[in-house]
Amino acid sequence: MITMIAFVPLGIDILVLKYIALMVLLIMIPVLCIFGFIYMLSCMLMIGNFSVDMKILDFVNFKKAYAHIRDNWANYLILLLLLIALSLILQVGAFILALTIVGVIIIPAFMFYMYLVSADLVAQFMKTKREE
């Protein structure tokens, strides 16, 4: 409430500020969802590219990443669905663990295990690409 009082001398109504904040939220939520989806599509694939040759420049080698997707798109879609399911399991599991004091202590280990599982899924995808 203190920050809104600062705008009152400028002649801006508080109701107008609430509508502006609502409009910003309605615009930013889809934009952030799109950026999250792009991150999900690209980051794991780039990590997989890096893990194959262990070269820093392979992380940003978009041509090689596109070749992986082009040659193995069905497995890539399966990988994305598995990563989405894994993320949902992580969120539900962390919520259930957060209900107890002992669970709060276990959450970091649970998240680390989920990251290991997602890395294993990406490694399996990269391995199937190399074998074909």
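The model is predicted: local features need pLDDT of at least 70, side-chain atom pairs count only at pLDDT 80 or more, and totals for chains, interfaces and linings use all residues. Residues are numbered from 1 along each chain as its sequence is written, and side-chain values use heavy atoms, with hydrogens and water left out.

**Stop 1: the whole chain**

Show the chain as a cartoon. Along the sequence the pattern reads α-α-α-α-α. Helices (H or I, at least four residues) and strands (E, at least two) are DSSP runs, numbered from the N terminus.

Now colour by burial. Buried residues make up 20% of the 132 residues in the chain. Buried means under 20% relative accessible area, exposed means over 50%, and partly exposed lies in between (1.4 Å probe, protein chains only).

Turn to contacts, which means heavy atoms within 4.5 Å. Take the contacts with a separation of 6 or more: residues 24 or more positions apart account for 54% of them.

**Stop 2: the largest pocket**

Select Tyr39, Met40, Met44, Leu83, Ile84, Leu86, Ser87, Leu90, Gln91, Met114, Tyr115 and Ser118. These residues line the largest pocket. The elements giving two or more residues to this lining are α2 (14-53), α4 (73-97) and α5 (101-131). Which element gives the largest share of the lining? It is α4, with 6 residues.

The volume of the largest pocket is about 330 Å³. Here is how a pocket is found. The search uses a 1 Å grid over the protein atoms alone. A cavity is a set of points where a 1.4 Å probe fits but cannot get out; a pocket is an open set with protein on both sides within 12 Å along at least five of seven lines. Lining residues have an atom within 4 Å of a point. Grid points are joined across faces, edges and corners, and a volume is the space filled by probe spheres set on the points.

Colour the lining by type. It divides into 9 nonpolar, 3 polar and no charged residues. Ala, Val, Leu, Ile, Met, Phe, Trp, Tyr, Cys and Pro count as nonpolar, Asp, Glu, Lys and Arg as charged, and the others, Gly among them, as polar.

**Stop 3**

Is Ser118 buried or exposed? Ser118 is buried, at a relative accessible area of 6%. Its side chain reaches the backbone oxygen of Tyr115 at 2.8 Å. Beyond neighbours within four places in sequence, Ser118 contacts Met44, Leu83 and Leu86.

Next, select Leu83, in helix α4. Leu83 is buried too, with a relative accessible area of 10%. Draw a line from Leu83 to Ala119: the C-alpha atoms are separated by 9.8 Å, and the residues are 36 apart along the chain.

**Stop 3: the second largest pocket**

The second largest pocket has a volume of about 200 Å³. Of its 13 lining residues, select the closest to its centre: Gly48, Ser51, Ala119, Val122 and Ala123. Both α2 and α5 supply at least two residues each. The largest share, 8 residues, comes from α5. By type, this lining has 8 nonpolar, 3 polar and 2 charged residues.

**Stop 5**

Pick Asp53, in helix α2. At 37% relative accessibility, Asp53 is partly exposed. Which side chain makes a polar contact with the side chain of Asp53? It is that of Lys64, at 2.7 Å. A polar contact is a pair of N or O atoms within 3.5 Å; within protein, one must be able to donate a hydrogen and the other to accept it, and residues adjacent in sequence count only if both atoms are side-chain atoms.

Move to Met54, in the loop between α2 and α3 (62-71). Its phi is near 60°, a positive value in a residue other than glycine. Met54 is exposed, at 57%.

Finish at Asp58, in the loop between α2 and α3. Asp58 counts as buried, at 9% relative accessibility. Not counting residues up to four places away in sequence, Asp58 touches Met46, Asn49, Phe50, Asp53 and Lys64.
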